[in-house]
Amino acid sequence: MTTDHLPETTPRRGRPRDAARDRALMDATLDELRLHGYGGLTTAAVARRAGVSTATLYRRWRSKEDLVLQAAAVWCEDLGPDHDTGALRSDLSELLHDKATALDGPSGQLLRAILGEAAHNRALADVLVSEYVAPLQDRVAAIVARAADRGEIPPVEDPVVVGELVIGPMVTHTFLVPHEPGGRPGRDMAERLLPYLLRALGAQDASGG
């Protein structure tokens, strides 16, 4: 977990904020979301799991929604750096496997827990777009632009659609399709999806040959 999105400490009188306590509350929020979902999460349960009082929690976040919004930012999807490998196939392969790793980890656990609530909660929907969707869309746009510049594919008029072709199958296969315990469904779909993306983009090496 990164701490880049943890609440900033503002100058005030009295004892300074405890960053370790903030991290404990974020860990507890993720655990409660994973176990009970957004609807079943309570601030009292989060505070209890973190070993702090509810007053301590409310000094940091005013409501359950604020707490979960902060957790979504803390556990935001880290796809890693966009390395230019020099070829579309390997660029896309790295992206798909980075996405799979994110979905199989804490980021994916939080996403699974709040997707349903985000359908009718604009604040949660906005944070999912900014922290989960936009980073992937940006990386896809960079990948296809480089590939077009190299002459591997025709110019892509709407790279957002390509990003949707990544997000949709990866999320569906990971979250909605039943899997054996301990499996890595994201990694499985990353391997299977790659040739279809290459063909959709008109890549000359779509068959892998």
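Select His173, which is found in helix α8. Helices here are DSSP runs (H or I, at least four residues), numbered from the N terminus. This is a predicted model: local features need pLDDT of at least 70, side-chain atom pairs count only at pLDDT 80 or more, and totals for chains, interfaces and linings use all residues. Residues are numbered from 1 along each chain as its sequence is written, and side-chain values use heavy atoms, leaving out hydrogens and water.

**Stop 1**

His173 counts as buried, at 10% relative accessibility. Buried means under 20% relative accessible area, exposed over 50%, partly exposed in between (1.4 Å probe, protein chains only). Show its contacts (heavy atoms within 4.5 Å). Beyond the neighbours within four places in sequence, His173 touches His179, Pro185, Asp188, Met189 and Arg192.

Now select all of α8, residues 159-175. Its 17 residues reach 24 Å from first C-alpha to last, close to the 24 Å expected (1.5 Å times one less than the number of residues). Its buried residues include Val162, Val166, Ile167 and Met170. Their cover includes α5 (88-104), α6 (106-118), α7 (122-150) and α9 (185-201).

**Stop 2: α4 against α7**

Select α4, residues 64-74, with α7. They pack at about 10 degrees, axes 10 Å apart. Axes are lines fitted to C-alpha atoms, for helices over the stretch in contact; angles run from 0 to 180 degrees between N-to-C directions. That makes α4 roughly parallel to α7 (angles under 35 degrees). On the α4 side, pick Glu65, Val68, Leu69, Ala72 and Ala73. On α7, pick Ala123, Leu124, Val127, Glu131 and Tyr132.

**Stop 3: salt bridges**

The whole structure holds 15 salt bridges (a side-chain nitrogen of Lys or Arg within 4 Å of a carboxyl oxygen of Asp or Glu).

Which side chain meets Arg146 in a salt bridge? Asp82 does, at 3.0 Å, N to O. Arg146 is in α7 and Asp82 in the loop between α4 and α5, 64 residues apart. Arg146 is buried at 17%; Asp82 is partly exposed at 29%.

Move to Arg150 and Asp91, with closest N and O atoms 3.8 Å apart. Arg150 lies in α7 and Asp91 in α5, so the pair ties together parts 59 residues apart in sequence. Asp91 is buried, at 2%.

Next, Asp98 and Arg139 meet at 2.9 Å, N to O. Asp98 lies in α5 and Arg139 in α7, 41 residues apart in sequence. Asp98 is partly exposed at 24%, while Arg139 is buried at 5%.

Finish by selecting Asp82, Asp84, Asp91, Asp98, Arg139, Arg146, Arg150 and Glu152: salt bridges that share partners join them into one network.

Conventions: Helices (H or I, at least four residues) and strands (E, at least two) are DSSP runs, numbered from the N terminus. Angles under 35 degrees count as roughly parallel, over 145 as roughly antiparallel, 65 to 115 as roughly perpendicular and the rest as oblique.
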